[in-house]
Amino acid sequence: MKLHYTQESTGQAVILLHGMFGCLTSLGNLADELSAGYRVISVDLRNHGDSPHAQQMDIPTMASDIVKLIDELGLSTASLIGHSLGGKIAMQVALNYPHRVTNLVVADIAPVTYTPRQDPFLQAFLALSSLDIYSRDQAKSIVAEHVQAPEHQAFLLESLTRKDSGVYGLKINISAISENYATSLAVAPAGYPYSGPVLFLKGETSAYIQSKHQPIMAELFPNMELHVIKGVGHWVHFENPLEFTQGVKRFLSYAQIF
């Protein structure tokens, strides 16, 4: 699959992978900061943003999409930075295609299989997809029934687009996401250990990275470090963009030595 992407500047290539329900602008603050010293490629994952839709949606296939993009860009290697689902995909690329990954930053996700749970974001998108939406205010009211935080509502509404008919629709493929959410997208990335430099960034109040996960993280990524961002949850790049960005920049600068 040929993914939609944007790129800025020149230098060592850094590919940014957003999380579930996001798009290539989700890590926009980080992209702006890194573009001063790196070639930054921001990607829409399959079934998100302006990338193509397909019912097949699993971690190895989405990792293969990224390797094809690396080939398309004519790169031998790239740094990968991913949040949540994007972090899982980045880990899968490193575990299966280590020679293509310079180093790796994983934001608030672990290489484990997560127990499926009810997701208010998914419920909000399913509600939007079941109705004809004629205004962004109408869409916001529907989203607010499931998601209370204004910043999260704004995040979800980024996937809303106005069609030629005047009716609003979703850019994301909610059918494929809903079908695979609790199965193929919940499983752990797997492969041989990746020995390159890896930074895990955990939100202090988030349960996505727990102490019981750390032996697995260390086994698969023996050259890893873990940094906890105080006072934030899963949305580390939204809730404390300054510390998140500084942590990524320090790591990339340090990791270039090796």
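**Figure 1. The largest nonpolar core of this predicted model holds 65 residues.** A nonpolar core is a set of buried Ala, Val, Leu, Ile, Met, Phe, Trp, Tyr and Cys residues joined through side-chain atoms within 4.5 Å. Buried means under 20% relative accessible area, exposed means over 50%, and partly exposed lies in between (1.4 Å probe, protein chains only). Phe21, Ile66, Leu104, Leu156 and Phe221 touch the most other members of the core. Phe221 is in contact (heavy atoms within 4.5 Å) with Met91, Ala94, Leu95, Leu104, Pro111, Tyr194, Val198 and Phe200, leaving aside its neighbours within four places in sequence. Another core, of 21 residues, lies apart from the largest one. Its members include Ala31, Leu199, Leu201 and Ala255. In soluble globular proteins, nonpolar side chains tend to be buried together.

The model is predicted: local features need pLDDT of at least 70, side-chain atom pairs count only at pLDDT 80 or more, and totals for chains, interfaces and linings use all residues. Residues are numbered from 1 along each chain as its sequence is written, and side-chain values use heavy atoms, with hydrogens and water left out.

Figure 2. Helices (H or I, at least four residues) and strands (E, at least two) are DSSP runs, numbered from the N terminus. Two strands pair if DSSP finds at least two bridges between them.

**Figure 3. Strand 4 and strand 5 run parallel.** Strand 4 covers residues 78-83, and strand 5 covers residues 101-107. Five bridges join the two. Gly82 has Val106 of strand 5 as its bridge partner.

**Figure 4. Arg46 and Asp65 form a salt bridge.** A salt bridge is a side-chain nitrogen of Lys or Arg within 4 Å of a carboxyl oxygen of Asp or Glu. By this rule the model has five salt bridges. The N to O distance between Arg46 and Asp65 is 2.7 Å. Arg46 sits in the loop between strand 3 and helix 2, and Asp65 in helix 2, 19 residues apart. Both residues are buried.

**Figure 5. A salt bridge joins Lys171 to Asp50.** The N to O distance is 3.6 Å. Lys171 lies in the loop between strand 7 (168-170) and helix 7 (174-180), whereas Asp50 lies in the loop between strand 3 and helix 2. They are 121 residues apart. Lys171 is partly exposed, at 27% relative accessible area. Asp50 is also partly exposed, at 48%.

**Figure 6. Asp71 and Arg100 meet in a salt bridge.** The side chains are 2.9 Å apart, N to O. Asp71 lies in helix 2 and Arg100 in the loop between helix 3 (85-96) and strand 5, so the pair ties together parts 29 residues apart in sequence. Asp71 is partly exposed, with a relative accessible area of 44%. Arg100 is buried, at 12%.

**Figure 7. Ser51 is buried in the loop between strand 3 and helix 2.** Its relative accessibility is 5%. A polar contact is a pair of N or O atoms within 3.5 Å; within protein, one must be able to donate a hydrogen and the other to accept it, and residues adjacent in sequence count only if both atoms are side-chain atoms. A polar side-chain atom of Ser51 lies 2.8 Å from the backbone nitrogen of His4. The backbone oxygen of Asp44 lies 2.5 Å from a polar atom of the Ser51 side chain.

**Figure 8. His53 lies in the loop between strand 3 and helix 2.** His53 is partly exposed, at 42% relative accessibility. A polar atom of its side chain lies 2.7 Å from the backbone oxygen of Lys171.
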